[in-house]
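Welcome to this short tour. Open your viewer, switch to a cartoon view, and get ready to select a few stops along the way.

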Amino acid sequence: MTWRNIYFLPEEVSSHNTRDDCWVTIHGVVKNVSELIEEFGHDVDLVNPILQEAGQDVSYWFEMDGLGVINLKTHLLLETGARVSLLPFRIPHGPKFEPDVNWEPDISTKPWWADEKYNIGVETVRPINVQIINPLIKRSATIKICFEDTVQRIMERYSVYNPKICTYIVKYLGNILNTNLNLSQNGVTLKYEDSVEDYVPTLMLYYQERLAPWRDV
């Protein structure tokens, strides 16, 4: 599974807010920049702006062009015509504040905000709640998921309530759900017509002796 198919809730991103475990979001893409912080940790002025925004969305530092390429926000100095960073602080791989005849860009290094090696997933466009009922043990739980989560990922989230979730199949209105699809793709109702409030769907768990398809061995 590539990072493009992994989705995070905002609170999942915001929980990674330390120097050793630092995530940020840029135009919907979640990046783990802990390695970057370690690499440039010797320069406090460079890493502090990122650490102050750890776990947060820093999209306002950047702009995206029509091709989806993300660039650091810059502006032209009227006096010199030079393009410099618009940020009031320095960050790793960023240009200097003022023109310098001795400065040359490092074209061998892709800036971290454009480097996919830091990408770990995508922030959901819509967190939703889902109720999961296990009639065998008469237990129910309402959990928050990403709109894009597949049924398999939902069950992984639910596993904190039942570590043996792999021995169950999932149904909605009597129909077995395809674990490789999300709820919407499975035809699960997520919103009432003409309503601004989300509908909380109920998924049913049914035990089977054989492992569920998504965990079959």
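**Stop 1: a hairpin**

Select β2 and β3, which run antiparallel and are joined by 4 bridges. Before you explore, note that this is a predicted model, where local features need pLDDT of at least 70 and side-chain atom pairs count only at pLDDT 80 or more, while totals for chains, interfaces and linings use all residues. Residues are numbered from 1 along each chain as its sequence is written, and side-chain values use heavy atoms, leaving out hydrogens and water. Strands here (E, at least two residues) and helices (H or I, at least four) are DSSP runs numbered from the N terminus. Two strands count as paired if DSSP finds at least two bridges between them.

Now pick out individual partners. Isoleucine 26 has valine 29 of β3 as its bridge partner, and threonine 25 has valine 30 of β3. The hairpin made by β2 and β3 has 2 residues between the strands.

Next, click on histidine 27 in the loop between β2 and β3. Its phi is near 50 degrees, a positive value in a residue other than glycine. Is histidine 27 buried, exposed or partly exposed? At 35% relative accessibility it counts as partly exposed; buried means under 20% relative accessible area, exposed over 50%, and partly exposed in between (1.4 Å probe, protein chains only).

Show the side chains of β2. In a regular strand, side chains alternate between the two faces of the sheet. Both faces of β2 are covered: Trp23 and Thr25 on one side are buried, and so are Val24 and Ile26 on the other.

**Stop 2: the whole sheet**

The 4 strands form an open sheet with mixed pairing, in the order β1-β8-β3-β2. At its edges are β1 (7-8) and β2 (23-26), each pairing on one side only.

Look at β3 (residues 29-32) beside β8 (residues 119-123): these strands run antiparallel, with 3 bridges joining them. Valine 29 stands opposite valine 122 in β8.

**Stop 3: a loop and its surroundings**

Move to the loop between β9 (127-134) and β10 (139-146), where you will find lysine 138. Lysine 138 has a positive phi of about 55 degrees although it is not a glycine. Its relative accessible area is 74%, so lysine 138 is exposed.

Leucine 136 lies in the loop between β9 and β10 too, and with a relative accessible area of 55% leucine 136 is exposed.

**Stop 4: helix α4**

Finally, select helix α4 (residues 151-158). Which helix gives the largest share of the lining of the second largest pocket? Helix α4 does, with 3 residues.
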